[in-house]
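The following note sets out points for a colleague who is reading this structure.

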Amino acid sequence: MTNVIDGKAVAAALRLRVAERAAAFAARAGRPPGLDVVLVGEDPASQVYVRNKGRACEEAGMRSAIHRLPADTTQDALSALLDRLMADEAVDGVLVQLPLPAHLDERAVLARIEPSKDVDGFHPANVGALWLGREALVPCTPWGCVRLLDHAGVKLEGARAVIVGRSNIVGKPMAALLIQRSATVTVAHSRTRDLAELCAEADVLIAAVGRAKLVGADWVKPGAAVIDVGINRDAEGKLVGDVDFAAVAPKAGAITPVPGGVGPMTIACLLENTVRAAWRRAGYGALDL
Ligand code: NAD
């Protein structure tokens, strides 16, 4: 189907551009851009994510290090590691894989990462800068969604956009990015009334909920662009999004599949943020990506 947005291909092209910029940085700075990932505990999904991030970094010619801490790590020990990474000039980006074990204060941990090295874009200073329309490191998943919409040629200016989900990681930054691009944005969530009718008015529909096949064909306006952020397992254990792809795809103007849509973009945008952070910290000026 021609309306299916190939996130894998868009991500691969972005990763190539990032690799070029990483090589240019290394030639100038005498060292590659570096990403340090902190993983606390043994959550199996987190282990896979962290491994994939490290591998993607190396493929793009960047240095990567994974710091694995035991599940019973104290707040002080984690803070000490972060302080060390902040002081290290060769560390351009730091991310702490979430979720953290319950005894750790996530808010305090995220605030300890300097905004200039905050490649996840979760520090309050980056969140504020994003909403103010200033230069910021932007959360990877919503940024990847914007890149996919641009790739598909979707006009955002003046478009009616509905985002389902209001998390700090996806829904809220997605809203800021679409407002910046002059869309008219509605953020829906678990308490929203008449959700199906609301979604059916959207030119651009972003589903970021975490409920398999929540969005059916009657939720979608003919010709709408549908971006599916959700990652769920269906009854047979198959990976599916928040959108009923088979039902919605014939009606949508453009749609992302799961897998192979937003997912690959998240990692590519993390690499982009790392090379951007390195570039900015070195004072090399504007970076075209
Ligand atoms: P979250 O649990 O933090 O937020 C979910 C949001 O959905 C909440 O704002 C909630 O109000 C809303 N919601 C829940 N039930 C609803 C309902 N029935 N109707 C309308 N809204 C409802 O989740 P998150 O971290 O934002 O992630 C959302 C989904 O995206 C998950 O499936 C997650 O796995 C996936 N995700 C994918 C990527 C990626 O790279 N592809 C990255 C991050 C998250």
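1. By class, eleven nonpolar, two polar and three charged residues line the second largest pocket. Here Ala, Val, Leu, Ile, Met, Phe, Trp, Tyr, Cys and Pro count as nonpolar, Asp, Glu, Lys and Arg as charged, and the others, Gly among them, as polar. The volume of the second largest pocket is about 380 Å³. Of its 16 lining residues, Leu-110, Phe-122, Pro-124, Val-127 and Asn-168 are the closest to its centre.

2. The model is predicted: local features need pLDDT of at least 70 and side-chain atom pairs count only at pLDDT 80 or more, while totals for chains, interfaces and linings use all residues. Residues are numbered from 1 along each chain as its sequence is written, and side-chain values use heavy atoms, with hydrogens and water left out.

3. A pocket is an open set of points on a 1 Å grid over the protein atoms alone, where a 1.4 Å probe fits, with protein on both sides within 12 Å along at least five of seven lines; lining residues have an atom within 4 Å of a point. Helix H4 (106-111), helix H5 (124-132) and helix H7 (171-180) each give at least two residues to the lining of the second largest pocket. Helices (H or I, at least four residues) and strands (E, at least two) are DSSP runs, numbered from the N terminus.

4. The protein is divided into domain 1 (29-114) and domain 2 (140-263), with bounds from an automatic or database domain assignment. Their centres, taken over C-alpha atoms, are separated by 29 Å. Each domain supplies at least three residues of the lining of the second largest pocket.

5. The largest pocket holds about 1400 Å³ of space. Its lining comprises 47 residues, with Tyr-49, Thr-141, Ile-231, Gly-263 and Thr-266 nearest its centre. By class, 27 are nonpolar, twelve polar and eight charged. Because domain 1 and domain 2 both give residues to this lining, the largest pocket lies between them.

6. The peptide bond from Leu-98 to Pro-99 is cis, with omega near 0°, and Pro-99 is placed in the loop between E3 and H4. A cis peptide bond also joins Val-258 and Pro-259, with omega about 0°; Pro-259 lies in the loop between strand E10 (254-255) and H10. Ser-182, although not a glycine, has a positive phi of about 70°, and its place is in the loop between H7 and strand E5 (184-188).

Notes: Points joined across faces, edges and corners; volume = space filled by probe spheres on them.
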